Amino acid sequence: MKPYEIIKRERIYDGKIINLVKDTILLPNGKETKRELVEHNGAAVIIAEYENKLIFTRQHRHSAGDFTLELPAGKLEKGEDPKECALRELKEETGMTADNMAFLFKAYSSIGFSNEILYFYIAKGLTEGEQNPDEDEFIDIEKYSIEEAVEMIFNGKIIDSKTISGVLAYKELCGRKDL
């Protein structure tokens, strides 16, 4: 099966974080259809353990209309290496620096309508420091054991999909010595 052919792309919106396009595509059966696509540069997600606790951020998310508990993460700048983004975002959001940042996996955040790819990293050898969030970020730091974090997923206290993915991946891999 070959990929669908884009016949026409209409740029609807160019924003600070996302762009929105509407594509006219040719299906394998020769028919045309429309698809909306949210373009995003991608993001790095950091699973950071410090003193046997995972580091989380709590911040207000406009889309959820509430405060959410999340793994530290941030948007890649255009052309930025995901590992460099992970190191930068860990420092900005938590004040922590890492001696080692190991890549785990990548995943689309919402493949049905967005091209955003999330790059997951484990941060090791952490040292505490000063937070330096963006001027529009107001972030509190919280620390939980892996067991507490998993429990919070299943009792609805962690509702962010990237955080759920990262926590469950870490739980699966946390006993490995090569990470």
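Modeller: Let us begin with the terms: helices are DSSP runs of H or I with at least four residues, strands are runs of E with at least two, and both are numbered from the N terminus. Please keep in mind throughout that this is a predicted model.

Biologist: How many helices and strands does the protein chain have, and what pattern does the chain follow along the sequence?

Modeller: The secondary structure comes to 3 helices and 10 strands, and, read along the sequence, the protein chain follows the pattern β-β-β-β-β-β-β-α-β-β-β-α-α. Taken along the principal axes, the C-alpha atoms fill a box of roughly 60 × 35 × 35 Å.

Biologist: What share of the residues in the protein chain is buried?

Modeller: A residue counts as buried when its relative accessible area is under 20% and as exposed when that area is over 50%, with partly exposed in between. Of the 179 residues in the protein chain, 41% are buried. The accessible surface of the chain comes to about 10,900 Å², and 49% of this surface belongs to carbon and sulfur atoms.

Biologist: What is the volume of the second largest pocket, and how many residues line it?

Modeller: The second largest pocket has a volume of about 250 Å³, and its lining is made of 13 residues, with Arg35, Glu36, Leu37, Ile111 and Gly112 nearest the centre. Two strands, β2 (19-26) and β3 (32-39), are the elements that give two or more residues to this lining, and β3 provides the largest share with 3 residues. Here the lining residues divide into 7 nonpolar, 3 polar and 3 charged.

Biologist: Next, how many aromatic pairs does the structure hold?

Modeller: There are 3 aromatic pairs. One of them joins phenylalanine 103 and tyrosine 121 edge-to-face, at 5.5 Å centre to centre and with 70 degrees between the planes. Phenylalanine 103 lies in strand β8 (residues 97-108) and tyrosine 121 in strand β9 (residues 117-127), so this pair ties together parts that are 18 residues apart in sequence. Phenylalanine 103 is partly exposed at 43% relative accessibility, whereas tyrosine 121 is buried at 6%. Another pair, phenylalanine 105 with phenylalanine 120, is stacked, with 4.3 Å centre to centre and 15 degrees between the planes. Phenylalanine 105 belongs to β8 and phenylalanine 120 to β9, so here the parts tied together are 15 residues apart in sequence.

Biologist: Finally, is glutamate 51 buried or exposed?

Modeller: Glutamate 51 is exposed, with 61% relative accessibility, and its place is in the loop between β4 (43-50) and β5. Its phi is near 55 degrees, a positive value in a residue other than glycine. Asparagine 52 is in the loop between β4 and β5, has a positive phi of about 65 degrees although it is not a glycine, and is exposed at 63%.

How values were computed: Residues are numbered from 1 along each chain as its sequence is written. This is a predicted model: local features need pLDDT of at least 70, side-chain atom pairs count only at pLDDT 80 or more; totals for chains, interfaces and linings use all residues. Side-chain values use heavy atoms; hydrogens and water are left out. On a 1 Å grid over the protein atoms alone, a cavity is a set of points where a 1.4 Å probe fits but cannot get out, and a pocket is an open set with protein on both sides within 12 Å along at least five of seven lines; lining residues have an atom within 4 Å of a point. Grid points are joined across faces, edges and corners, and a volume is the space filled by probe spheres set on the points. Ala, Val, Leu, Ile, Met, Phe, Trp, Tyr, Cys and Pro count as nonpolar, Asp, Glu, Lys and Arg as charged, and the others, Gly among them, as polar. Buried means under 20% relative accessible area, exposed over 50%, partly exposed in between (1.4 Å probe, protein chains only). Accessible areas come from the Shrake-Rupley method with a 1.4 Å probe; for residues, only the protein chains shown count as cover. Rings of Phe, Tyr and Trp (its six-membered ring) pair if their centres lie within 6.5 Å; planes under 30 degrees apart count as stacked, over 60 as edge-to-face and the rest as tilted.
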